[in-house]
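Reader: I have a model open and would like to talk through a few parts of it with you. Could we go piece by piece?

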Amino acid sequence: MTLSLPIYMDNHATTPLDPRVLDAMMPYLTGKFGNAASRNHPFGWAAEEGVDYAREQIKKLIGAHSEKEIVFTSGATESDNLAIKGIAHQYKDRGDHIITVKTEHKAVLDTCKRLEREGFRVTYLDVDSKGQITPDDVKRALTDKTILVSVMLGNNEIGTVQPISEIGKVTRERGVLLHCDAVQGLGRMAFDVDAMNVDLVSISGHKIYGPKGVGALYVRRTKPRVRVTPEVDGGGHEHGMRSGTLNVPGIVGLGKACEIAANEWEKDRDHAFGLRQRLRGKLEASLDEIVLNGADDPWRLPGNLNVSFSFVEGEAMMMGIKDVAVSSGSACTSASLEPSYVLRALGIDGEHAHSSIRFGLGRFNTEEEVDYVAEIVIREVRRLRELSPLYDLHKEGIDYKTIQWTAH
Amino acid sequence: MAYSEKVIEHYEHPRNVGTLDKDDPTVGTGLVGAPACGDVMRLQLRVNPVTNVIEDAKFKTFGCGSAIASSSLATEWVKGKTVDEAMGIKNTDIVQELNLPPVKIHCSVLAEDAIKSAIEDYRKKQSAQRAVATTAESAK
């Protein structure tokens with residue numbers, strides 16, 4: 001098989017569209033263009049049929065009890081906003097306290113910050129050096145005023161998986177609602193809303209080989225019945241929880257992506273895990289001073305490899321492997337010049353945060369790609385270390401941490 | 001972010017990578033930046049003490065492509081200049097030459113700091129040497 005460049009290994013950022021998803025969507029981008037809310041003609045019926053089927057497909061993937069528990073959104077950022085703000089506003093008479101985690105996605109953290117400005121109180125839990133929290137951390141943070149706990153399934157940067165099911169036992173016991181941003185874990189591990197004890201779940205289309213611009217929020221209807229205050233007002237779509245004409249082709253694509261995930265997640269998991277271990281093994285066999293960021297298996301997303309190549313800055317590294325699409329926790333990849341807040345939350349020092357590279361392996365990656373990537377990564381790390389004054393210090397046996405540096 | 005051709009050129013073919021003997025009295029060493037900030041530059045100069053001309057320059061940099069390119073360019077520019085001339089190199093000259101975007105201006109600032117710090121180190125060594133020589137002279 002011939003290798004085609006560039007190689008995509010950034011499957012946490014987005015995933016390519018599965019051709020089967022495109023096939024399912026195509027009729028809804030052409031002949032079946034109707035508005036799903038048009039109840040009085042066949043164009044509307046055809047669109048509604050597609051939407052209903054998608055709800056069924058999503059319901060099956062996550063083990064929901066009713067199609068009515070699925071609310072379509074524009075993506076997981078909106079789902080997170082709707083879940084957290086929607087619960088806060090709906091249950092504000094019951095309490096004003098929310099618990100979340102420092103390593104959550106910005107869609108969760110920034111939503112919580114906005115609620116703080118409205119007068120809500122938010123506890124941001126610390127994580128351990130692997131990025132995990134424990135159910136006890138949640139238990140200790142709960143108060144009589146806590147209305148919601150929001151914890152992600154898998155972390156998008158470091159791949160750490162949180163013990164959602166166990167956290168859910170704690171929240172159930174205390175009658176507090178649990179929201180889970182499942183964007184990164186769904187389709188990569190077993191996920192069932194009852195087994196996980198969750199009440200709200202954010203889902204994204206484009207992280208599971210579906211289209212961009214579509215997502216869903218699962219909102220539990222029984223034991224307990226959960227209500228969210230809508231954030232978007234309008235025609236009262238989605239049982240009044242999210243107004244706006246439904247993105248029918250997107251929804252059909254999301255549904256198909258969920259159906260494929262339900263049928264093939266174990267195959268996908270094994271494939272991504274095999275490739276990640278192959279890549280990790282090759283890098284570790286050839287390079288010294290590389291550090292794995294995040295948790296060990298089984299508490300790690302199968303396709304995630306986040307490593308710091310000590311003494312080599314991440315952006316320089318990405319420039320050296322320009323035919324490979326990856327990400328870095330380096331400050332230089334963002335405008336803020338601050339390194340990744342997720343890595344910092346793990347207590348990882350600045351130098352290692354700047355040296356981190358995230359490889360995201362997925363359904364469409366191959367062993368040939370992994371072998372090619374391993375080879376050029378090893379070559380570039382060696383080249384850039386020859387250019388690194390920190391590597392010189394290391395070879396001289398000097399710990400750079402003992403040097404008085406001037407921050408700039 | 002797209003890099004300018006000149007940055008890529010320096011990144012792929014950095015000039016004057018290496019190390020000079022930091023204990024040599026004619027060598028000035030500048031080590032600037034901080035690992036926690038993601039940039040460390042070490043720039044070294046060998047100066048002819050008679051003419052004050054920089055005869056050799058070497059660098060090593062931990063940092064992004066723009067930081068590597070800025071320090072690589074700095075070594076090219078200082079060579080053949082007198083110490084005083086080299087003190088006149090401004091970070092804005094580097095920004096212009098490499099077409100650095102605003103978020104990368106700190107790389108050029110660091111390169112200017114590295115040149116100045118290396119020259120200071122050289123001057124310190126030279127005046128220490130002269131002091132030793134003068135003391136030896138007056139002791140005669």
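Reader: Which residues in H2(B) are buried?
Author: In this predicted model, the buried residues of H2(B) are B:Gly65, B:Ser66, B:Ala67, B:Ile68, B:Ala69, B:Ser70, B:Ser71, B:Ser72, B:Leu73, B:Ala74, B:Thr75 and B:Val78. Because twelve of its 14 residues are buried, H2(B) is largely enclosed by the rest of the structure.

Reader: Changing topic, how many residues of chain B are in contact with chain A?
Author: On chain B there are 24, and they are in contact with 24 residues of chain A. Several elements of chain B each supply at least two residues to that side, among them helix H2 (65-78), helix H5 (105-139) and strand S1 (27-34). By class, this side of chain B has 15 nonpolar, seven polar and two charged residues.

Reader: Which residues touch the most other members of the largest nonpolar core?
Author: Those are A:Cys180 and A:Tyr218, in a core of 84 residues. Helix H7 (residues 248-286) of chain A gives the most to this core, with eight residues.

Reader: What does A:Cys180 touch, leaving out residues up to four places away in sequence?
Author: With those set aside, A:Cys180 touches A:Val151, A:Met152, A:Leu153, A:Ile164, A:Met196, A:Val198 and A:Val201. There is also a second, separate core of 68 residues, which includes A:Leu279, A:Phe311, A:Val312 and A:Ile357.

Terms used
Residues numbered from 1 in each chain as written. Chains lettered and ligands numbered in written order. Predicted model: local features only at pLDDT ≥ 70, side-chain atom pairs only at ≥ 80, totals over all residues. Contact = placed C-beta atoms within 7 Å. Helix = DSSP H or I, 4+ residues; strand = E, 2+ residues; numbered from the N terminus. Nonpolar A, V, L, I, M, F, W, Y, C, P; charged D, E, K, R; others polar. Buried ≥ 20, exposed ≤ 12 C-beta atoms within 10 Å, placed from the backbone. Core = buried A, V, L, I, M, F, W, Y, C linked by C-beta atoms within 7 Å.
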